[in-house]
Amino acid sequence: MNYLAHIYLSGENDLITIGNFIADGIKGNRYKTYEPEIQIGILLHRHIDTFTDAHKTVRQSTKRLHAKYSHYSGVIVDILYDHFLAKNWEKYSPISLENYVEKFYTSLNNNFEILPLRIQKMLPYMMTDNWLLTYASIDGIAKVLAGMNKRTKNRSGMNEAVKELEEFYTEFETEFTIFFDELIEFSNKKLGELKNELIP
C-alpha cells in the first residue's frame, strides 16, 4: 500500500502513524532504536506489506499491469489503491480528507526531529503539492505516477499507467474495495497484538 493507506491503517496514535509512514527507510533491526510507539508503526507497516503482496485480489490487479510494467506493477497498484481510498474517503472516515491530511502534516512538523533525513527533505514538497489530497483525482495520480517514473530515470514507464487506470477503472475499484475491507480487519488485529507486545 502507498502513503495514505498506511497512515489510515495506523489508528489515532500520532507516533504509531509516523512509524508506519517512515518504515520503508528503517531497515532490519534499526527499528529497535526508536520508542515503542514508533516501533509499532514500523512493524505494522511491514505486516501490511506482507499481507498485501500475498493477497489474491491484489495479485489480480497487478496481473493486469504485469505484461507492460513488469516488477513495477505492484508499485503502480499501491498508488492506484490510494486513489480509490482518497476518492471514497467518506466511506472510511468521519473526518474529511482535507482535515485528516492537515492533521497529519501538523503531526509530522511537531515531530520533525525524529524523522529520517530523507523524509525531512521530502516533507516540504509533499506538503506544498499536498500529495495525499491530490490522490483523490485522476490528474493527481497522473502526477504521482510521472514523478515515480522520473525516479526510475524513465525506465519504468509508470507515467503511462493512468491509461490502464481509466480503461479498467471499475475493475480496479472493485478489487480495491474487496481487498481493503480485509486489510482493515487484518491491520486492526495486528495493531492490537503489537501494542500488547511492545507497550507495558
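**V75 and its contacts**

Reply: Happy to. Leaving aside neighbours within four places in sequence, V75 is in contact (heavy atoms within 4.5 Å) with M148 and M158. This is a predicted model, where local features need pLDDT of at least 70, side-chain atom pairs count only at pLDDT 80 or more, and totals for chains, interfaces and linings use all residues. Residues are numbered from 1 along each chain as its sequence is written, and side-chain values use heavy atoms, with hydrogens and water left out.

Me: Thanks. Where does V75 lie?

Reply: V75 lies in helix α5. Helices here are DSSP runs of H or I with at least four residues, numbered from the N terminus.

Me: And how far from V75 is the C-alpha of M158?

Reply: The two C-alpha atoms are separated by 9.1 Å, with V75 and M158 sitting 83 residues apart along the chain. V75 has a relative accessible area of 30%, so V75 is partly exposed. On that scale, buried means under 20% relative accessible area, exposed means over 50%, and partly exposed is in between (1.4 Å probe, protein chains only).

Me: New topic: which residues of α7 are buried?

Reply: They are L97, Y100, V101, F104, Y105, S107 and L108. Seen down the axis of α7, these fall within an arc of 155 degrees, so they line one face of the helix. The arc is that of the directions from the helix axis to the C-beta atoms.

Me: What do those buried residues of α7 pack against?

Reply: They pack against α1 (3–8), α2 (14–22), α5 (73–87), α6 (89–92), α8 (117–128) and α9 (131–134). The face of α7 turned away from the buried side carries the exposed residues E98, N99 and N110.

Me: How far apart are the end C-alpha atoms of α7?

Reply: They are 20 Å apart, which agrees with the 20 Å that the 14 residues (97–110) should span at 1.5 Å a residue. The expected span is 1.5 Å times one less than the number of residues.

Me: Which helix gives the largest share of the lining?

Reply: α10 does, with 5 residues. α1, α3 (36–54), α5, α8, α9 and α10 each supply at least two.

Me: What about H55, buried or exposed?

Reply: H55 counts as buried, because its relative accessibility is 8%. H55 lies in the loop between α3 and α4, and its side chain reaches the backbone nitrogen of T57 at 3.1 Å. That is a polar contact: a pair of N or O atoms within 3.5 Å, where within protein one must be able to donate a hydrogen and the other to accept it, and residues adjacent in sequence count only if both atoms are side-chain atoms.

Me: Last one: what does H55 contact beyond its neighbours within four places in sequence?

Reply: H55 is in contact with F179 and E182, leaving those neighbours aside.
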